[in-house]
Each structure stands twice: as structure tokens, then as C-alpha cells.
Amino acid sequence: MASSNVFLRSNGEDASSSDNQETECTAEETSRDTEAMELKKCQLVMAKLRDEMSIRTTELNFIRENCHNHHDEQIDTPSTLDEDELDIPQSPSMDETGDDTIAYESSLPSSAGISASDVITVTHKTFGEIGMMRDYTIKHRDDKLFRKPRIRQFFIGNVLHRSSDELRSNWTEIFVDLVYVGVLAKATNLLAYEQSWEEFYKHFLLVTPSIGIWNQFTKYNNQLYHEDLYYKFTTNVIIIAFIMMGNSMAYTFDPSPELNTSAIFLISYACGRLFFLISQTVVIYLFNRKFWPFVATQVSAQCIVLIPYFVLLGFPVNGTPERLSLRASIWTVGAVLDLLLPMLSVAVWAFLGPVIDSSYRVAVNIEHFAERQGALFGVALGVIAVSFLYDTRSTSLQNGAGLMVMAVTIGVNLNHIYYRSEGGTHYKHALRRAWYTGVIWQFIHTPLVLATLSLGAIITAMITVTFNKAEQLESALKLRADHKNIFFVSLAMIYASFLVLKIVHQEAAPSAVSASDRGAHMLLQKQTGKRRRPRRVRVPNVPQTGKIVLLSGWIVLILGLGLGLSEEFWTPDRMLGFATGVTLGSVVIMEWSVLKRAKTSNQAE
């Protein structure tokens with residue numbers, strides 16, 4: 001019996017020790033799995049940190065090289081480079097390395113003209129498609145009457161050569177803008193006195209070429225530099241062209257051959273554009289003739305725009321309805337081509353680019369071009385701002401005073417909406433985002449300006465008629481049947497332009513967590529049973545898609561109420577009051593939408 005108890009006790013102890021061993025083995029395996037998961041998590045974090053350090057290191061190297069090159073260029077002596085001569089390096093061959101960077105030093109030919117230290121090597125992650133950039137100084141040391149012109153920024157291969165000087169609107173451009181205000185005011189006054197769709201169509205035919213020649217002058221200053229006597233001469237040419245076009249607008253479409261001034265308008269416009277085309281070609285040819293193939297494509301697109309206007313000069317007004325109809329059709333073709341010039345330039349480049357040497361290309365200074373397009377919208381807003389300038393004879397405030405206050409409020413609100421959106425911090429501006437977004441961004445400014453001018457014309461008519469009625473003055477200016485529809489369609493077109501501008505920009509950065517990172521975090525959570533800790537980030541109250549929906553809603557509201565209600569309901573004070581409420585509400589919502597709030601992010605800390 002005793003031996004039996006000993007045997008049972010020994011078996012029990014063996015079973016207990018076996019269970020303990022199995023438990024210990026299981027605990028060790030679980031501990032090893034946990035350690036493996038933690039190690040994998042640490043490896044993921046370390047890999048992400050290495051990528052982040054790589055990007056930051058590249059940015060710091062970019063800044064260091066930029067400062068270094070700028071310093072070297074400033075201490076450069078005249079013995080190494082004549083002040084009116086610019087060494088244009090040949091295009092280096094570029095070999096891509098295994099990562100995002102582009103190898104330069106190993107592939108730099110001996111005849112390139114620049115050393116590898118003069119070129120800033122950047123990554124595609126940080127700086128997009130521009131793999132390399134070189135900074136150089138274009139300012140001259142001494143003043144001269146005539147000097148060799150220079151291109152402000154250009155590509156040689158994939159290397160962007162850019163001026164180290166910040167390009168802003170100069171005093172010459174600002175003075176030309178003042179003259180341009182008078183030209184647009186002349187065109188707007190014609191619409192203000194005849195508020196009809198026929199007059200709106202004539203307004204389109206007059207303003208579109210005016211915007212086209214203004215854009216050509218802007219691009220000339222954007223791309224070329226020669227601060228000399230010849231540049232001052234080009235300024236005089238554009239001012240004379242603007243003045244001649246403005247002075248001939250009133251009778252441009254007069255059916256009488258004795259009174260029609262369309263020939264003066266067309267010749268002034270065509271001569272102004274041809275002068276800048278020839279000047280642009282000569283200047284770039286003097287700088288470096290290797291840029292000629294690229295310039296030829298751009299000049300070809302602008303010559304296509306001029307063809308209908310030259311054809312129009314061959315069909316003068318003879319007083320017959322058939323000739324007037326033919327001239328209107330030809331003029332419409334020219335205005336539409338002028339409107340579609342950004343698309344036309346891309347089409348010509350796509351057609352001729354593969355058969356020419358495209359290594360040497362003239363670039364656009366994005367900051368200056370965006371600033372100038374904003375100035376164009378500001379010039380158009382000036383028409384709304386001056387709509388309250390009425391010479392009243394009353395010693396007391398009339399009903400028109402309230403209309404003037406509302407007109408100014410509308411102009412201020414539209415100005416705020418545009419510059420709050422365009423002047424904000426975009427992750428990628430439309431001009432940088434892609435070629436098609438840049439083309440759309442440039443194109444949409446023309447209908448935006450046209451709509452703003454027509455809106456200002458109707459506001460001017462309503463204020464003038466209201467004051468004349470209050471002071472019991474006889475005037476030929478009356479509110480026509482189409483003034484209501486033109487007013488609301490113009491306001492809706494302005495908001496539609498804002499909508500397109502909002503779409504083509506990329507306001508927010510893409511998510512920093514890739515799909516593979518999210519998959520790794522999900523696998524880690526499933527195996528360990530641990531949930532990652534979310535972190536708090538600050539985001540705008542309304543994202544980009546929400547702002548697009550809001551702008552779409554405003555457009556529907558404007559067209560629905562404006563065109564749906566009768567003309568008897570829409571008196572001048574109600575029309576301006578409605579526009580004031582819509583624009584003021586848009587400003588309030590926009591200011592609230594850009595405010596940032598804390599939000600839980602799915603990214604791990």
C-alpha cells in the first residue's frame with residue numbers, strides 16, 4: 001500500500017513538472033512573439049524616421065548650397081565674367097540613381113561650363129519634377145543705355161536656371177495698370193448705357209483682346225530682363241496701344257462707314273502685339289539662339305490668334321447688314337482664339353515639341369505671374385469701386401447713397417474672397433501642380449475679369465438712374481429689360497470662376513501614412529491586441545471639398561433666385577442688397593472655414 005502511494009505521488013509530481021514546463025515554454029514563446037512584434041514596430045518607426053531625416057537633410061543641403069552659390073556670385077569679379085556677357089552652360093546628361101536623387105557630378109561633361117558645386121541637387125519627393133536648379137544673378141553692375149538682354153529663368157535639359165533676385169511688380173507695370181484701368185472703364189461705360197445681351201457681346205469682343213495684349217506685356221516682363229532705354233521704349237509702345245484702343249471703343253461697332261473706328265482699334269491692337277512678338281524673338285535670340293525652337297512654338301500660337309484680326313481689316317464697314325454680320329463672325333473667332341490662347345500654346349507645343357530641340361526652354365516665374373493675374377482682377381474690381389462716383393446736386397442723403405455703400409461693400413467682399421483664397425498657403429498652387437491645372441488657372445481669369453466688369457457696369461447704371469430719379473434729372477440712361485439677367489449671370493460667373501480656382505489648387509498635403517504603413521499597423525494590432533494611440537492634428541474647419549460644395553451652393557442660389565423671380569420684384573436696392581448679403585456671407589463662411597481645429601488622426605504617434 002505504501003509502495004502504491006509512493007508510485008502515485010511520483011507520477012503526480014512528474015505530471016505537475018511537465019505542466020509547469022509546458023506553461024514556461026508557452027510563456028517564453030509568447031514573450032518572444034511580443035518582443036518580435038515590438039522589434040518590428042521599432043523597425044517601422046526607425047525606417048520612417050530615416051526617411052524623414054533624409055528629406056530634412058536634403059532641404060538643409062538645398063538651403064546651404066543656395067546661400068553658398070548666391071555668395072559666390074556676389075563676389076565674382078569682372079575678370080571672370082563680363083558684366084554684359086552671360087555664360088550659358090550646355091545641358092548635362094543626367095543619370096538617375098537608385099533613390100529619388102539625380103546624379104550630377106559623375107555625369108557632368110567637361111564642356112558644361114559649370115561645376116557640380118554650382119548646381120543644387122534635390123529630390124523628387126521634395127521638389128517635384130525639377131531635379132536640379134542653379135541660381136544666378138542677372139543684375140548689371142553699371143547703368144547703360146543699351147545692354148545685352150537676359151532671360152530671367154529657363155531650362156537646359158532638366159536643370160532650372162533661375163534668377164536669384166525676387167521678381168515683383170515694378171513701377172512700370174503699376175503705371176501701365178493705371179492706364180489700363182481707363183481703357184476698361186471706357187469699355188464698361190458702353191455696357192452701362194445699353195444693358196443688353198447684344199451690348200454684352202460687343203463688350204466681350206472689346207475686352208478680350210485688351211486682356212490678351214495686357215497678358216503679353218506681363219509675360220514679357222516675367223521672362224525677360226533688360227533695364228535699359230529700349231525697355232522704356234517698349235513701355236511707351238504698350239501705353240500708346242492702350243490709349244488708341246480705348247479712344248476708339250465708343251464707335252468701334254458703328255454701322256456707318258464715316259463714324260466706324262474699328263480700324264484704329266484693330267491696328268493699335270495688332271501693332272502692339274506684333275511689336276512684343278518681334279521684341280521677344282530678338283531678345284531671346286540675342287541671349288542664346290538655342291532657345292529659338294521653343295520661342296518659335298510660342299510665337300506661332302500668338303500669330304494664329306492675330307490672323308482673324310488681320311483678315312478683319314480686309315473687310316471694312318460698307319453699311320450693309322451682310323458685311324456687319326461677316327465682320328462680327330470673324331471678330332468672334334479672333335476673340336475666342338484670344339480667350340483660348342493658353343490651350344492653343346500647349347497644343348502647338350505638343351504638335352511641334354517632338355520634332356524640335358526641346359532642351360532649351362524659357363520658364364515662367366510663378367510668383368510674379370500669379371501676382372500679376374491678381375492685379376488684373378484688382379483692376380477689374382476698380383470699375384465696381386468707381387461706380388459710386390456720382391456728381392450729386394442734393395444737399396441731403398438720397399436713396400442712392402445706400403446703393404453706393406452696398407456697391408463698395410460688394411467690391412470689397414469680392415476682393416477679399418479672391419485674395420484670401422489665392423493669397424493663402426496652398427500645398428501646391430495650380431501653376432505648380434500640373435501643366436493642365438496651370439493652363440486652366442490662367443484661362444479662367446479672363447471670364448472672371450469679364451464678369452466683374454459687366455457686374456460693375458450694371459451697378460453703375462442702377463446707381464446713376466436712382467440718383468437721377470431722386471434729383472428729378474432728365475437723362476438718356478435708363479434701366480433696360482436685360483439689366484437684371486446680366487447682373488445675376490455676371491455674379492454667378494464670378495462665383496463659378498472662384499469655384500474653378502478652388503478646384504485646380506491642391507490645398508492640403510497628402511496623407512503622410514502610406515498604405516503599406518497602415519497595413520503594417522493593422523497586422524501589429526491584430527497580433528498583439530494593442531491599439532495604437534491616435535494623435536491630435538490641426539485641420540481647417542472646412543476642407544477643400546467642402547469649400548467647393550459651398551461655392552456650388554452659392555451659384556445655384558444666385559441663378560435660382562436671380563433668374564427665377566420677376567423683374568418687378570428685383571428693384572435696384574433689392575438686387576444690390578442680395579449681392580451684398582451673398583458676398584458678405586461668403587466672406588464670413590470663408591473666414592470661419594480656414595480656422596483650424598484639433599482633430600483625431602489615424603496616424604500613429
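Is L561 buried, exposed or partly exposed? Here are some notes on that residue and on the structure around it.

1. First, the ground rules. This is a predicted model, in which local features need pLDDT of at least 70 and side-chain atom pairs count only at pLDDT 80 or more, while totals for chains, interfaces and linings use all residues. Residues are numbered from 1 along each chain as its sequence is written, and side-chain values use heavy atoms, leaving out hydrogens and water.

2. On the opening question: L561 is partly exposed, because its relative accessible area is 36% and that class lies between buried (under 20%) and exposed (over 50%), with a 1.4 Å probe and protein chains only. L561 sits in helix α16 (residues 544-564). Leaving aside residues up to four places away in sequence, L561 touches W570 and F578, where contact means heavy atoms within 4.5 Å. F488 is 73 residues from L561 in sequence, and their C-alpha atoms are 9.0 Å apart.

3. The chain as a whole has 17 helices and 11 strands, taken as DSSP runs numbered from the N terminus (helices H or I, at least four residues; strands E, at least two). Of its 605 residues, 44% count as buried. Among contacts between residues at least 6 apart in sequence, 82% join residues at least 24 apart.

4. Now the core. The largest nonpolar core has 114 residues, and those touching the most other members are F242, L414, L455, I459, F487, Y495 and F498. Such a core is a set of buried Ala, Val, Leu, Ile, Met, Phe, Trp, Tyr and Cys residues joined through side-chain atoms within 4.5 Å. Its largest share, 15 residues, comes from α13. Beyond four places in sequence, the contacts of Y495 include L414, I417, W554 and V582.

5. Helix α13 (residues 435-470) also packs on helix α3 (residues 171-193), at an angle of about 55 degrees and with axes 8 Å apart. Axes are lines fitted to C-alpha atoms, for helices over the stretch in contact, and angles run from 0 to 180 degrees between N-to-C directions. The pair is therefore oblique, the class left once under 35 degrees (roughly parallel), over 145 (roughly antiparallel) and 65 to 115 (roughly perpendicular) are set aside. L184, T188, L191 and A192 in α3 meet L453, S454, G456, A457 and A461 in α13.

6. Lastly, α13 and helix α14 (residues 483-504) have axes that come within 8 Å and cross at roughly 155 degrees. These two helices are therefore roughly antiparallel.
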